[in-house]
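Take a look at the model below. We will walk through it one region at a time.

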Amino acid sequence: MNILNYMADFLGDSAHWEGYDGIPTRVAEHIGYTLMALGIAAAVGLPVGLVTGHTGRGGNTLALIATIGRALPSFGLMVLMFLLLGLGMAPVLIPLVVLAIPPILVTTYEAMRSVDPAPVDAARGMGMAEAEVLFRVELPVALPLILSGLRSAAIQIVSTATIAAYVSFGGLGRYIVDGLYQRDYEKVVGGATLVAAMALATLGLFWAVARLTVSRGVRRAHVG
């Protein structure tokens, strides 16, 4: 039986759409893990990236932090957190947050530094406070790149949140882990397909957000 048949059989089985192990429940759990991790990572990465990008200070430090964060293995970090903290959401969220902070942090910093200095200097010359310069002049121009960093972080979280199943939590990784243990390859392929579909849906969501929040002039400049 090929992969397409496994996929069709998994998705076509009504038993997989009901109950605590049903697809709607597992999708909701996966989305929950993703939103929690992305929210925490954004709360850390966005302010730091905005301020350091605005001031132009700390770029080398951010690059070092990002390199360290990307070098840490998510699964290994989760196992370590599980041994230190015990069963709970923290051992799952910490690796996902560590994974998501570097792209948000670095991309936000680079987005702010890429803003044309001419309008920034003009705004300061008009007497704008630094906070006004940041939020009214720099941020609207930097927004497309900032959203790309959030998008990259979200897709990485969606793809990696499957590790939650290894410490008895849910999400779409439950199908993959249980399927491998049971040698149920229909379930493995079905779970992997749903993770890929969620990653594609995340891409579409961020595309829609960019269309709604980024001004047409800024979009045209970035496309050009």
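Begin with R183, which counts as exposed at 64% relative accessibility, because the cut-off for exposed is over 50%. This is a predicted model. R183 is found in the loop between α8 (173-182) and α9 (185-213). Its backbone deserves a second look. Most residues other than glycine have a negative phi. R183 is not a glycine, yet R183 has a positive phi of about 60°.

Now turn to S74, a residue of helix α4 (residues 74-85). Is S74 buried or exposed? S74 has a relative accessible area of 14%, so it is buried, the cut-off being under 20%. Which residues does S74 touch, leaving aside its neighbours within four places in sequence? They are P95, L99, T160 and I163.

The largest nonpolar core has 41 residues. Within this core, L38, I104 and L150 have the most contacts. I104 shows how the contacts run. Leaving aside neighbours within four places in sequence, I104 is in contact with L38, A41, A42, G45 and L46, and also with G149, L150 and A153. Another core lies apart from the largest one. This other core has 9 residues, including Y175, L194, V195 and A199.

Helix pairs are the next stop. The axes of helix α3 (residues 59-71) and α5 come within 8 Å and cross at roughly 155°. Angles over 145 degrees count as roughly antiparallel, so α3 is roughly antiparallel to α5. Their crossing is left-handed. On the α3 side, the contact is made by G59, L62, I65, A66, G69 and R70. On the α5 side, V98, P102, P103, L105, V106 and Y109 take part. The residues of this contact divide into 9 nonpolar, 2 polar and 1 charged.

Compare helix α6 (residues 117-125) and helix α7 (residues 130-160). Their axes come within 10 Å and cross at roughly 140°. The crossing of α6 and α7 is right-handed. Which residues meet here? P119, V120, A123 and R124 in α6 meet E130, V133, V137 and E138 in α7. The residues of this contact divide into 5 nonpolar, no polar and 3 charged.

Conventions: Residues are numbered from 1 along each chain as its sequence is written. This is a predicted model: local features need pLDDT of at least 70, side-chain atom pairs count only at pLDDT 80 or more; totals for chains, interfaces and linings use all residues. Side-chain values use heavy atoms; hydrogens and water are left out. Axes are lines fitted to C-alpha atoms, for helices over the stretch in contact, and angles run from 0 to 180 degrees between N-to-C directions. Helices (H or I, at least four residues) and strands (E, at least two) are DSSP runs, numbered from the N terminus. A crossing is left-handed if the near helix is turned anticlockwise from the far one by less than a right angle, and right-handed if clockwise. Contact means heavy atoms within 4.5 Å. Ala, Val, Leu, Ile, Met, Phe, Trp, Tyr, Cys and Pro count as nonpolar, Asp, Glu, Lys and Arg as charged, and the others, Gly among them, as polar. Buried means under 20% relative accessible area, exposed over 50%, partly exposed in between (1.4 Å probe, protein chains only). A nonpolar core is a set of buried Ala, Val, Leu, Ile, Met, Phe, Trp, Tyr and Cys residues joined through side-chain atoms within 4.5 Å. Angles under 35 degrees count as roughly parallel, over 145 as roughly antiparallel, 65 to 115 as roughly perpendicular and the rest as oblique.
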